[in-house]
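Please examine the structure shown below.

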Amino acid sequence: MPNPEKLSTATGQLGPICAITGKPLTFAEAIVLDNEYVCWEAYVEVTGADSATNDSTITGLKLE
């Protein structure tokens with residue numbers, strides 16, 4: 001159970017506050033890192049991780 005002092009409703013939903021940046025989050029966008037909730041930007045900064053998806057565009061594909 002999260003600490004009530006580390007929760008926020010600033011996004012319109014109950015969610016945690018990023019332990020690193022202080023940004024209010026929803027539980028759907030929060031990432032657990034070392035037993036703390038963090039935002040994606042903080043996670044990338046701390047771990048050096050990056051998205052596994054490729055942001056390329058496919059041309060010439062015709063959908064019917």
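**Core, cysteines and aromatic pairs**

Reader: Is Cys18 buried or exposed?
Author: This is a predicted model, in which local features need pLDDT of at least 70, side-chain atom pairs count only at pLDDT 80 or more, and totals for chains, interfaces and linings use all residues. Residues are numbered from 1 along each chain as its sequence is written, and side-chain values use heavy atoms, with hydrogens and water left out. Buried means under 20% relative accessible area, exposed over 50% and partly exposed in between (1.4 Å probe, protein chains only). Because the relative accessible area of Cys18 is 3%, Cys18 is buried.

Reader: How many disulfides are there?
Author: A disulfide requires a pair of cysteine sulfur atoms within 2.5 Å. The cysteine sulfur closest to that of Cys18 belongs to Cys39 and is 3.7 Å away, too far for a bond. The count of disulfides is therefore zero.

Reader: What kind of aromatic pair do Phe27 and Tyr37 form?
Author: Rings of Phe, Tyr and Trp (its six-membered ring) pair if their centres lie within 6.5 Å; planes under 30 degrees apart are stacked, over 60 edge-to-face, and the rest tilted. For Phe27 and Tyr37 the centres are 5.6 Å apart and the angle between the planes is 80°, and the pair is edge-to-face.

Reader: What kind of pair do the rings of Trp40 and Tyr43 form?
Author: Trp40 counts as partly exposed at 38% relative accessibility, and Tyr43 counts as partly exposed at 22%. Their ring centres are 5.9 Å apart with the planes at 25°, so the pair is stacked.
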